[in-house]
Amino acid sequence: SATQAAQWPDGPFTVALVGRLSWEKNHDLFLRAMARLRDAGLDVRAVLAGEGPERARVEARIQQLDLQKLVRMAGYMAMPELLSQVHAVCLCSRIENLPLSLMEAMAWQRPVVATRVGGIPDLVEHRVTGWLVPDDDALALADALRDCASDQGRARAMGRAGRQRVELEFTMPRCVDRHVELYRRLAS
């Protein structure tokens, strides 16, 4: 519900990374950014939600970077359960279409930090509904996450803007209208 989505969780600023534990989701980029934030003294936590073939590698990387106290491997979680616990959502994929996880985060009024790949820039408006960063740039990702965590008023405003964007641009009637228009153009 909109009311539930608007609630900002208590506790340290927490970011979710949602997705299959696989090469294309680039969890290592996220973990390198988290290590930078820790080294800069920022109190940010993370929840990695998902399962996949890279689980052992991701767990080993968390150990290697000494992030066990800051990063929790949650396995599969239902989105409402996950989104009620976090302040923002990150997606640092190497390749991506139009990710439903980011649409759900935006509908929940959570700002997003994502790589500028595939269809993500069609969904996320840089510095309006979230932050877009170059693929595989841990410094840029850490900077965007720092901006998000350190100005929570702005982050919440971006979350509200994200919900408005989803409500205006990504509803079923709007998608049907766009498909009909595409077929009209193709047929003429």
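Student: With which side chain does the side chain of Lys25 make a polar contact?

Tutor: In this predicted model, the partner is Glu96: the two side chains make a polar contact at 2.8 Å. Such a contact requires a pair of N or O atoms within 3.5 Å.

Student: Where is Lys25 found?

Tutor: Lys25 belongs to the loop that runs between strand 1 (13-18) and helix 2 (27-39). Once neighbours within four places in sequence are left aside, Lys25 is in contact with Arg20, Cys92, Ser93 and Glu96.

Student: Does Lys25 count as buried or exposed?

Tutor: The general idea is a cut-off: buried means under 20% relative accessible area. Lys25 counts as buried because its relative accessibility is 16%.

Student: How should I read a phi value, and what is the phi of Gln109?

Tutor: Gln109 is a residue other than glycine, and its phi is positive, near 60 degrees. Gln109 sits in the loop between helix 5 (100-107) and strand 5 (112-115). With a relative accessible area of 14%, Gln109 is buried.

Student: What is the phi of Arg127, and where is its place?

Tutor: Arg127 is not a glycine, yet its phi is positive, about 65 degrees. Its loop lies between helix 6 (120-123) and strand 6 (130-133). Arg127 has a relative accessible area of 43%, so it is partly exposed.

Student: How much space lies in the largest pocket, and which residues line it?

Tutor: The space in the largest pocket is about 170 Å³. Its lining includes Ser22, Trp23, Asn26, His27, Asp28 and Leu31, and also among the lining residues are Glu54, Arg57, Val58, Arg61 and Arg94. Helix 2 and helix 3 (55-64) are the elements that give two or more residues to this lining.

Student: How many of these lining residues are nonpolar, polar and charged?

Tutor: Sorted by class, the lining has five charged, three polar and three nonpolar residues.

Student: How many helices and strands are there in the protein chain, and what does the C-alpha trace span?

Tutor: The protein chain has nine helices and six strands. Along the principal axes, its C-alpha trace spans about 60 × 35 × 30 Å.

Student: Why does the radius of gyration agree with that of a compact globule?

Tutor: The reasoning is a comparison: a compact globule of 188 residues would have a radius of gyration near 16 Å, and the protein chain has 17 Å, which agrees. Buried residues account for 47% of the 188 residues. Of the contacts between residues at least 6 apart in sequence, 68% join residues at least 24 apart.

Note on methods: Residues numbered from 1 in each chain as written. Predicted model: local features only at pLDDT ≥ 70, side-chain atom pairs only at ≥ 80, totals over all residues. Heavy atoms only, no water. Helix = DSSP H or I, 4+ residues; strand = E, 2+ residues; numbered from the N terminus. Buried < 20%, exposed > 50% of the residue type's maximum accessible area, 1.4 Å probe, protein only. Polar contact = N/O pair within 3.5 Å; in protein donor to acceptor, adjacent residues only side chain to side chain. Contact = heavy atoms within 4.5 Å. 1 Å grid on protein atoms, 1.4 Å probe; cavity = no way out; pocket = protein on both sides within 12 Å on 5 of 7 lines; lining within 4 Å. Points joined across faces, edges and corners; volume = space filled by probe spheres on them. Nonpolar A, V, L, I, M, F, W, Y, C, P; charged D, E, K, R; others polar. Rg over C-alpha atoms; globule rule 2.2 N^0.38 Å.
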